[in-house]
Amino acid sequence: MGINIKGEIERVNGKELSYSEFVERYMEKNKPVVLTGLMDPWRAHTDWVTLHSQPNFQFFSTHFGASKVQVADCDTREFTDQKREEMLVSDFIARCLHLEEASAVQCNSETCASNGASVSVPYLKDWHFVKEYPEYVAYDTPRFFCDDWINLYLDNFRIHIDSDAQQPNEEICCSDYRFVYIGVKGSWTPLHADVFRSYSWSSNVCGKKRWLFLDPSQCHLIFDRNMKNCVYNIFDEVSNSKFPGFSKAIWLECTQDAGEIIFVPSGWYHQVHNLEDTISINHNWFNAYNLSWVWNLLLRDYNEAKEYIEDIKDICDDFEGLCQRNLAANTGMNFYDFFTFMSYFTLANLVLLRYINRRYVSTTGSSSTIAQHLSMNLGCLRKIVSEMKHVRALEGNHNCVVDIIKAFEDPRFSKLCMHVGRTYVMVHEQSHLASDFESTTMSDLVDFNDSKSYTSQIYTPEDLIKFIDNVVAEEEPSALRVA
């Protein structure tokens with residue numbers, strides 16, 4: 001019995017869409033969309049693609065062949081994903097070319113097969129290309145996707161530091177969520193929802209993909225009776241006894257061509273098939289509009305991790321610490337990591353908002369648009385921190401998460417503030433404000449003498465809430481308002 005497909009994803013010319021329209025119609029509503037017209041000047045189009053619109057495998061092998069990457073075997077399942085192995089890009093390219101040769105030989109025989117019967121289908125995934133080759137600018141992130149808190153943060157800080165375990169490739173593997181994918185025809189990705197329940201955007205540099213989407217309101221239908229295991233491949237013969245709701249799921253379908261970008265909202269499960277040899281660029285990101293998805297996933301995974309080892313609670317010296325370590329291992333970060341991220345981002349937004357309100361106190365329009373965005377961010381941050389306080393996350397924590405004065409002296413935090421400032425200048429098309437965040441220093445952004453709040457140290461969510469409220473209270477009500 002086949003799956004039930006009853007809709008397609010909307011397709012919109014990105015050049016005719018304003019940022020506020022994108023937010024209102026798609027990001028805020030958590031609705032997928034295909035965007036066209038946003039990839040025209042990318043260097044990747046000329047370097048990575050042949051004149052016949054095929055992946056330029058030779059270019060990758062020549063220029064990036066020594067890079068170590070993760071390659072999935074699309075024919076072999078390993079737990080909830082495909083089996084992966086690490087290899088050089090040059091070896092991956094050699095495997096792709098061998099597959100093409102095997103396919104050509106097979107197709108010249110009487111038993112023509114699309115990819116050859118005996119050769120597994122490789123798929124290069126999650127290549128941290130931007131981090132590995134920062135000087136090679138293959139593309140520019142479309143401005144719809146630039147309000148990207150996680151990658152802005154990871155350009156300056158690390159999301160998780162485990163002093164007990166140092167992995168050899170940790171600097172690259174945990175460095176960002178900007179990826180390049182290269183897959184031959186027939187390669188695919190099993191059914192999944194994205195990391196952290198983030199948004200993602202996926203652009204086809206060349207090739208064609210088929211996407212199947214499931215609305216978050218129906219995601220319970222693809223899990224087993226215990227809500228623990230998800231369907232792996234929606235085109236398999238799915239057991240009705242194991243997955244009793246699967247046949248009721250209603251899917252949306254989309255074919256993505258070269259030059260098109262798909263916005264994948266939070267919590268939408270999707271399965272993707274490469275219909276041709278394909279190169280794609282993919283970012284995962286989150287911001288004020290989907291931060292609650294990230295927190296809800298962390299809380300759910302924490303409760304599951306805690307329940308799983310509940311029977312050793314009485315004999316464990318640091319049961320909470322073990323729960324948090326397991327959470328970081330399973331989800332990619334824990335409560336402490338998330339709260340550290342939230343604290344730095346809150347501080348950056350407060351600094352920028354105070355700066356803009358004071359520098360442009362008599363103006364309206366451009367600066368107020370950015371100020372409204374920063375205020376909205378702070379309202380969202382405060383709401384999530386309040387939820388963390390409600391569940392007693394980090395209660396009794398004795399380690400300082402953020403020392404405000406030390407943060408101001410930290411060049412990483414200064415860079416974060418400048419990057420966030422430049423992002424909102426660009427997103428809201430206020431180029432005349434760009435110089436404010438090119439050569440400005442922390443001493444320009446912050447008046448160290450005018451705020452007692454800046455002597456604060458943040459240990460717990462309650463501390464951060466008090467810090468936000470204190471800074472807000474020092475400002476004129478009309479100048480700084482947090483929802």
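Strands β7 (residues 178-183) and β14 (residues 278-285) run antiparallel and are joined by six bridges. Within this pairing, valine 180 has isoleucine 281 of β14 as its bridge partner. The model is predicted.

Both strands belong to an open sheet of nine strands. The order is β2-β3-β12-β9-β14-β7-β6-β4-β5, and the pairing is mixed. In general, strands of a sheet pair through backbone hydrogen bonds, either parallel or antiparallel. The edges are formed by β2 (11-13) and β5 (81-88), each of which pairs on one side only. On average, neighbouring strands of the sheet are turned by 25 degrees against each other, direction ignored.

Aromatic contacts were also examined. The structure holds 50 aromatic pairs. One of them is formed by tyrosine 139 and tryptophan 201, with ring centres 6.2 Å apart. The ring planes stand at 75 degrees, so the pair is edge-to-face. This pair links distant parts of the chain, its residues being 62 residues apart. Tyrosine 139 lies in the loop between α5 (129-132) and α6 (149-154). Tryptophan 201 lies in strand β9 (residues 199-206), a member of the nine-stranded sheet. Tyrosine 139 and tryptophan 201 are both buried.

The cysteines complete the picture. The structure holds zero disulfides. For cysteine 323, the nearest cysteine sulfur is that of cysteine 316, 7.8 Å away. A disulfide requires the sulfur atoms to be within 2.5 Å, and cysteine 323 is in no disulfide. Cysteine 323 is buried, with a relative accessible area of 0%. Cysteine 146 is buried too, with a relative accessible area of 13%.

Technical notes:
Residues are numbered from 1 along each chain as its sequence is written. This is a predicted model: local features need pLDDT of at least 70, side-chain atom pairs count only at pLDDT 80 or more; totals for chains, interfaces and linings use all residues. Side-chain values use heavy atoms; hydrogens and water are left out. Buried means under 20% relative accessible area, exposed over 50%, partly exposed in between (1.4 Å probe, protein chains only). Rings of Phe, Tyr and Trp (its six-membered ring) pair if their centres lie within 6.5 Å; planes under 30 degrees apart count as stacked, over 60 as edge-to-face and the rest as tilted. Helices (H or I, at least four residues) and strands (E, at least two) are DSSP runs, numbered from the N terminus. Two strands pair if DSSP finds at least two bridges between them. Axes are lines fitted to C-alpha atoms, for helices over the stretch in contact, and angles run from 0 to 180 degrees between N-to-C directions.
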